Every structure is written in C-alpha cells, then in structure tokens.
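Reader: I've got a model open and would like to talk it through. Could you take my questions one at a time?

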Amino acid sequence: MARRKENDRAPQNNDDSDSNPNDELEDEPNFDDPEEYEDDISEQDLMGDLIRQRPKETDGVESIVVIDGVPQVGTERIEKLQNVLRKLFQKFGKITNEYYPLNADGSTKGHVFIEYSNANEALEVLKGTNGYKFDKNHTFTVNLLTDFEKYNDILDKWENPIPQPFKEQGCLQYYLLDQDACDQFSIVYEQGDKVAVNLNTQPEPTLLEERPRWTETLVRWSPLGTYLATFHAKGIALWGGEKFQQIVRFSHPGVQFIDFSPCEKYLVSFSPLADSRATDEPQAIIIWDVLSGLKRRAFNADKSQALPIFKWSHDDKYFARMGIDMLSVYETPSFGLLDKKSIKVQGIRDFAWSPTDNTIAYWVGEEKDTPARVTLLELPSRNEVRVKNLFSVADCKMYWQKSGDYLCVKVDRYAKLRKDKSDIKYSGIYYNLEVFHMREKQIPVDSVEIKETIQAFAWEPVGTKFAVIHGEPPSTSVSFFEVKTGQTPTMVKKYERKPCNQLYWAPSGQFIVLAGLRAMSGTLEFVDTHDFTVMNTGEHFMATDVEWDPTGRYVATAVSWWGHKVDNAYWLWSFQGRILKRVALDKFCQLQWRPRPPSLLQAQQIKDIKKSLKKFSAQFEVKDRLKMTKASKELVEKRRKLMQEYEDLRKQKQEEYDAQRRRRIELRNNVDTDETEGRGGELEEETVEFFIKEETTFIDE
C-alpha cells in the first residue's frame with residue numbers, strides 16, 4: 001500500500017482542537033507472518049487455475065505419434081523402410097515431419113516419430129494402427145507423444161477404486177408380464193410439451209405416465225422396448241422401469257439423431273452442429289455404452305452422408321460406415337477397424353446388413369466398361385459368397401427379408417444414357433427385382449421385370465411373400481408375389497387402380513394395410529393375404545403415419561402436427577379394419593408402440609399354437625365380454641351418478657325459484673306470470689293438420 005504524499009494531504013482545520021495531525025500519517029498494515037507461523041497451504045490449492053494454464057513441455061506436440069515395434073534395419077535398407085511406412089501412415093493425414101532415431105552404426109533403433117498437420121489425424125493413427133501386424137515378427141505399438149506426461153503422473157502406490165453403490169433399477173421388462181398381453185404406446189402432443197405412455201386396454205386406454213416437458217423434440221423406444229429415449233439440448237436421457245425413472249444420461253450438446261444397436265448394448269448420438277475440428281477429439285458422432293453410460297468412441301461427421309451413418313450387425317459385434325471408395329467395418333468391444341484396415345470397394349454406393357447373419361450386401365455403380373454389381377460379403381472372413389453383375393443400371397435399393405432368407409434388389413435400369421457437363425440423364429427407365437435365395441446352395445438369383453414405376457416395396461415379415469406398388473397415381477396397382485424354393489417368384493394377386501402409396505405388413509405377417517397417405521387423403525384398405533380377402537376399407541383424412549402394434553392385433557393411424565396443423569389426432573383400428581377409438585389431441589405430434597423382444601418359442605411351437613387356437617378362442621371371447629360388461633357397468637354407474645347430480649341441482653334451483661315467487665309477483669305489479677292461466681287468456685292453442693302424402697303398397701301372399 002503506498003503512503004500518502006505530504007502535498008496530497010487535505011488541508012487541516014486549525015480551529016479544531018480535537019483533530020490529531022498524526023491520524024493521516026498512520027503506517028500501512030503489516031502483512032508479515034509471525035515468526036513461528038508455518039504455511040501449510042500448497043500452491044496448487046492457492047493458484048490451481050493458473051498452474052493448470054502454465055506452459056507444458058508437451059505443448060505443440062499433440063500431433064506427433066510414436067511408433068514402436070518398427071523393424072531394425074541397416075543403412076542400406078532405411079530408405080526402403082521409410083517408403084513402406086510413409087505409404088502406410090499417409091492414409092491417415094498429411095505428414096509434416098518424420099524422425100528415425102539411429103544407432104552409432106547407422107541402423108534404426110526400432111521406433112519412429114511422425115508429425116501430422118493436426119491432432120485429429122494423429123488420433124486416427126493411434127486408433128487405426130495400434131496393434132497393427134506389420135509382418136510375422138513385428139507388431140506396431142502406437143502412442144501419442146503427449147501420453148508420456150500421462151504415464152509419468154501414475155502413482156507409485158496403487159489405490160483401489162472406490163466401489164460405486166448399486167442402484168436398483170427394478171424390472172425393466174415388466175411390461176412383458178401383462179396377463180392380457182396389452183401393449184404400451186407413447187404419444188407426444190401439445191407441440192411436444194407433453195408426453196404420455198398409455199396401456200392399450202379395451203375399451204379405453206389406461207394412462208400409465210404423463211409428464212410435461214419430458215422431452216424437447218420427440219421420444220424413441222429402444223429396439224427391444226427396454227428404454228424410452230428423450231431428447232434434450234444437453235444430450236439424451238434413457239428412462240425405464242414401472243415408474244419410468246431415469247436410467248442413464250448421455251451428455252452430447254445439440255444432439256438431433258440417435259440410433260440403438262439391435263441388442264441395445266450401444267447408442268449412437270449425432271450432433272450435426274458440433275464443430276468436431278475445433279477440439280482435440282471429434283464431437284459430432286459418439287458411440288455410448290448403454291449399461292455403463294461411458295463414451296466408447298467418437299467420430300467426425302461428413303455432411304454429405306445419409307442417416308444412419310453407422311449400420312449395425314444383428315448381434316452388435318460389428319458396425320460399418322461407408323466412405324469414398326471404401327467400407328469401414330468396426331468390431332466391438334474394441335471399436336477398432338476390423339483387421340486394422342478398411343475394405344477397398346471402388347465406386348460403392350450403398351450397403352445393408354443381413355438381419356440374421358454377419359453378411360453385408362453392397363452394390364457398386366457402373367464405371368466405363370465395368371458393369372454395376374451386387375456383392376454379398378461374409379464377415380469377419382471377408383469372403384465374397386455371391387456376386388451379381390448388372391447392366392444399364394441407374395440406381396439400386398436393397399431390401400432384406402426380416403428372417404434373412406431372401407434379399408431383393410430393386411434395380412432401376414435405363415434404355416438410353418445422356419451425359420451433360422455436370423449431370424447424367426436417363427431415359428426409358430424400367431425396373432427389375434433381383435431376388436437372392438440366401439438359404440439355397442450357391443445363392444441362386446431370380447429376376448422379376450416390372451415395366452411401370454415402382455412406388456413402394458415391402459417383404460412379409462414372417463412368410464415368403466412380398467408386395468409392390470407400381471404405376472403412376474391415380475392408377476397405381478398392387479401386386480403380390482410369392483417366393484418358393486427353387487422357383488422364380490410368381491404373382492399370386494394383383495389389385496388394379498388402388499389409391500395407395502405405402503405398404504404396412506402386420507409384424508406376424510398375413511395381414512397388410514394398403515395406405516394412401518398425405519396427398520392421397522388417408523385411404524386405408526385392410527387385406528388378408530391368406531386368401532386375399534379385402535376385410536374392410538376406411539379413411540383417416542390427411543393421415544401421415546400408420547403403426548402396427550407388436551402383436552399385430554391393432555393398427556394406429558395418425559395426423560401429426562408436424563405434417564398438418566389441423567385435425568391432429570390418432571385413431572385405433574383392429575387388424576380387420578374396424579375403428580375402435582378416435583382420440584383428438586391439441587397439436588398431437590407422434591405415436592409410437594413399445595417394441596417387444598423376439599419370441600422365445602420355436603417355429604414349430606408357434607404352428608402348434610395356431611392349430612389349437614380355436615380351443616382357446618372361446619375362453620378369450622368370454623374374457624372380452626366380461627371386460628366389456630365391466631366397462632358397461634362402470635359407464636352406466638358413471639351416467640347414473642351424473643344424472644343424480646343433475647337431479648339434485650335441479651331440485652335445489654326449483655326450491656330457490658319457488659321461494660322467490662312472492663317477490664316476483666310484487667315486481668310484476670301483482671301479476672302472476674309463472675303459470676299460463678295467469679296471463680288472462682293471452683295464449684291460445686291451435687292445431688293445424690296438413691296432408692303430406694298417401695301411399696298404397698300391395699303385398700303378394
């Protein structure tokens with residue numbers, strides 16, 4: 001503290017005898033510690049923030065990797081070794097510098113330092129080449145140069161981690177224990193401000209849970225129905241159990257898309273607004289472990305890629321991502337590239353996993369004189385089990401049957417091709433359906449030609465049929481084909497001039513809804529494909545969505561506020577097309593049925609149950625009647641209660657009215673107007689009869 005200068009002092013009042021001129025000349029405070037004082041506060045406690053910001057020896061070297069396990073060679077082979085390693089490591093980014101430490105005799109020491117243009121590229125090298133087998137005797141061990149500081153901070157004495165207390169989550173599969181096998185469904189309404197979960201009981205759904213602002217956009221069930229995912233500005237939350245308590249949270253700001261692995265082990269979150277290049281680690285795409293809530297790996301995002309960016313194998317062992325002229329397959333739980341390298345596929349356009357086997361189907365476009373082709377690739381062996389060459393191909397789309405027995409490739413073919421400077425135009429488009437018989441020897445392929453434009457395609461989930469909508473509106477047709485072993489698919493039924501643009505099979509097969517959504521005003525046709533009987537037709541005007549429940553007993557149609565701003569509601573139908581319930585909700589947005597895991601019954605057991613179903617149908621009908629009777633009794637009791645309340649209120653008001661009669665007469669000049677007779681004959685009753693029509697009908701005996 002600085003002393004005050006003499007000249008800066010304020011003038012003294014000489015007349016004030018009580019003032020002391022030495023008051024303003026006090027010594028500054030003494031901050032010295034006592035002689036016996038011992039300072040026991042560390043610099044880390046006093047200035048922890050500043051100490052963390054001080055420069056480190058490793059600053060500026062985040063983009064340097066250290067590769068150990070490199071072959072030790074003499075001076076005559078160093079250049080060859082450098083060329084081989086440079087070719088390998090250039091795949092991950094731009095190499096700005098490299099250093100090979102040498103022994104006194106000029107031979108290499110067995111490790112190399114390589115510097116990249118940024119830290120992200122160095123991180124990709126670590127993930128892609130650590131453990132890479134260079135040859136029979138050499139396997140690379142890759143580390144970032146910054147890791148050495150981390151390893152230096154390891155404690156000399158091991159400290160056991162503190163065990164976390166076990167948190168009881170309850171039974172997450174309780175919904176499968178419902179005696180009547182009623183399914184749950186979630187609804188989002190009031191523009192997303194409210195979310196409710198209902199149980200589909202009859203005749204009225206039962207509300208299980210309702211919460212305001214449970215999500216900020218939409219909700220999504222996990223593939224097996226265990227979790228309900230909600231979206232928030234800071235990330236994703238998973239809910240489950242009978243009370244829908246929060247199970248786990250994943251912090252990912254700006255997340256807009258999620259995807260579960262088929263077995264619910266992992267969750268992929270995608271934030272398109274994340275600037276993954278601005279941090280040391282990618283932030284756009286993150287893969288999480290659902291049980292632990294831990295981040296397993298993060299990836300950069302390519303804006304041109306379609307969603308979902310990653311596609312999973314049926315058993316969660318692998319997930320794949322398509323790049324330019326390559327297919328990258330990753331394995332779990334290491335989350336590294338399968339065999340440490342991507343699969344080179346020149347001109348790959350799309351791929352799809354088999355729903356039951358670790359087999360990938362991908363197709364490659366035409367390139368000069370090379371035809372397009374569809375390839376079936378087994379993993380992890382990378383064995384090509386089938387290749388089908390295709391000519392004059394404009395586009396392809398692949399459809400796997402749910403049981404994995406068949407693969408259908410819809411091929412858009414052209415008669416003429418014209419290339420402009422920046423565009424390719426096709427003319428004379430026609431369509432082929434290439435059906436791969438996956439369970440037969442050598443995987444034979446059958447072809448079905450369709451001259452008209454294909455609007456929609458859908459496999460029967462359980463069975464061997466598929467349906468196709470073809471033609472131009474309003475004269476679209478629906479054709480059903482059946483696939484049999486060793487035979488070309490045969491058309492079994494064709495409906496002409498059907499106003500539909502979407503196909504919705506029941507989860508158990510056999511029944512299908514032909515829907516004309518959005519522009520087609522919501523026409524619905526319910527078909528039994530066993531004998532192709534049209535069970536019923538209906539209409540949900542301007543419907544945007546159709547959803548089957550997991551058991552195939554009910555269908556929900558909806559007009560979402562996201563699609564239309566008026567008439568927002570959802571309707572429930574039976575599988576036969578009988579309307580059961582109409583529910584109008586303010587700004588209704590979304591309805592989703594809660595999925596069920598696959599049945600544990602074998603195929604033969606299911607067949608036996610279907611054969612003996614008539615024995616139990618009488619019991620089910622009695623049970624349904626009891627439910628309806630109970631519901632009727634409750635409804636009658638409710639109406640009786642309302643009627644009694646009305647009668648009590650009416651009696652009360654009548655008594656008040658009678659009590660005020662004398663006062664009314666006084667206010668009306670002693671004239672009683674309560675009764676018609678009190679009006680002095682002012683009102684007269686007149687009956688008028690009109691002759692309308694006379695008919696004579698003769699009935700033959």
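Author: Let's start inside: the largest cavity holds about 50 Å³ of space. Keep in mind that this is a predicted model.

Reader: Which elements give two or more residues to the lining of the largest cavity?

Author: The residues lining the largest cavity are Phe 257, Asp 259, Val 268, Phe 270, Ile 285, Leu 307, Pro 308, Ile 309 and Phe 310. By class, that lining has eight nonpolar residues, no polar ones and one charged. The elements giving two or more residues to the lining of the largest cavity are β14 (257-260) and β15 (266-270).

Reader: How many cavities of 30 Å³ or more are there?

Author: Besides the largest cavity, with about 50 Å³, there's a second largest cavity of about 30 Å³. The count of cavities of 30 Å³ or more comes to two.

Reader: And how many charged residues are in the lining of the second largest cavity?

Author: Tyr 175, Cys 182, Asp 183, Gln 184, Arg 594 and Arg 596 line the second largest cavity. Split by class, its lining has two nonpolar residues, one polar, and the charged ones number three.

Reader: Moving on to open space, which element supplies the largest share of the lining of the second largest pocket?

Author: The second largest pocket has about 1500 Å³ of space. The elements that give two or more residues to its lining are α4 (119-129), β17 (295-299), β19 (318-323), β20 (326-331) and β23 (348-353). The largest share is six residues, and the element behind it is α4.

Reader: Which residues lie nearest the centre of the second largest pocket?

Author: The lining of the second largest pocket divides into 17 nonpolar, ten polar and 17 charged residues. It has 44 residues, and nearest the centre are Gly 323, Met 326, Ser 328, Tyr 330 and Ser 342.

Reader: Back to α4: what covers its buried residues?

Author: The buried residues of α4 are Asn 120, Glu 121, Ala 122, Leu 123, Val 125, Gly 128 and Thr 129. What covers them includes β1 (64-68), α3 (78-89), β3 (111-116) and β6 (141-144).

Reader: What happens at the start of α4, and which residue's side-chain oxygen is involved?

Author: Let's take both ends. After α4 comes Gly 131, with a positive phi near 85°. At the start of α4, the backbone nitrogen of Glu 121 has a side-chain oxygen within 2.9 Å, and that oxygen belongs to Asn 118.

Reader: Where in the chain are the cis peptide bonds that you'd point out, and what is omega for the one joining Pro 473 and Pro 474?

Author: Most residues other than glycine have a negative phi, and most peptide bonds are trans. Pro 474 is in the loop between β34 (465-470) and β35 (477-482). For the cis bond joining Pro 473 and Pro 474, omega is about 5°.

Reader: Is Gln 191 buried, partly exposed or exposed?

Author: Gln 191 has a positive phi, near 60°, though it isn't a glycine. It lies in the loop between β7 (184-189) and β8 (194-199). Buried means under 20% relative accessible area and exposed means over 50%. Gln 191 has 41% relative accessibility, so it counts as partly exposed.

Reader: Why does Arg 213 count as exposed?

Author: Arg 213 has a positive phi too, near 50°. It's found in the loop between β9 (206-212) and β10 (219-221). The cut-off for exposed is over 50%. Arg 213 counts as exposed because its relative accessible area is 65%.

Reader: What does the side chain of Arg 386 reach?

Author: Arg 386 is in strand β26 (residues 383-390). Leaving aside neighbours within four places in sequence, its contacts are Val 374, Thr 375, Leu 376, Phe 436, Gln 442, Ile 443 and Val 445. Val 445 is 59 residues away in sequence, with a C-alpha to C-alpha distance of 9.7 Å. At 2.8 Å, the side chain of Arg 386 reaches the backbone oxygen of Ile 443.

Reader: Last one: of the protein's 701 residues, what percentage count as buried?

Author: The protein has eight helices and 45 strands. Of the 701 residues, the buried share is 38%.

Conventions:
Residues are numbered from 1 along each chain as its sequence is written. This is a predicted model: local features need pLDDT of at least 70, side-chain atom pairs count only at pLDDT 80 or more; totals for chains, interfaces and linings use all residues. Side-chain values use heavy atoms; hydrogens and water are left out. On a 1 Å grid over the protein atoms alone, a cavity is a set of points where a 1.4 Å probe fits but cannot get out, and a pocket is an open set with protein on both sides within 12 Å along at least five of seven lines; lining residues have an atom within 4 Å of a point. Grid points are joined across faces, edges and corners, and a volume is the space filled by probe spheres set on the points. Helices (H or I, at least four residues) and strands (E, at least two) are DSSP runs, numbered from the N terminus. Ala, Val, Leu, Ile, Met, Phe, Trp, Tyr, Cys and Pro count as nonpolar, Asp, Glu, Lys and Arg as charged, and the others, Gly among them, as polar. Buried means under 20% relative accessible area, exposed over 50%, partly exposed in between (1.4 Å probe, protein chains only). Contact means heavy atoms within 4.5 Å. A polar contact is a pair of N or O atoms within 3.5 Å; within protein, one must be able to donate a hydrogen and the other to accept it, and residues adjacent in sequence count only if both atoms are side-chain atoms.
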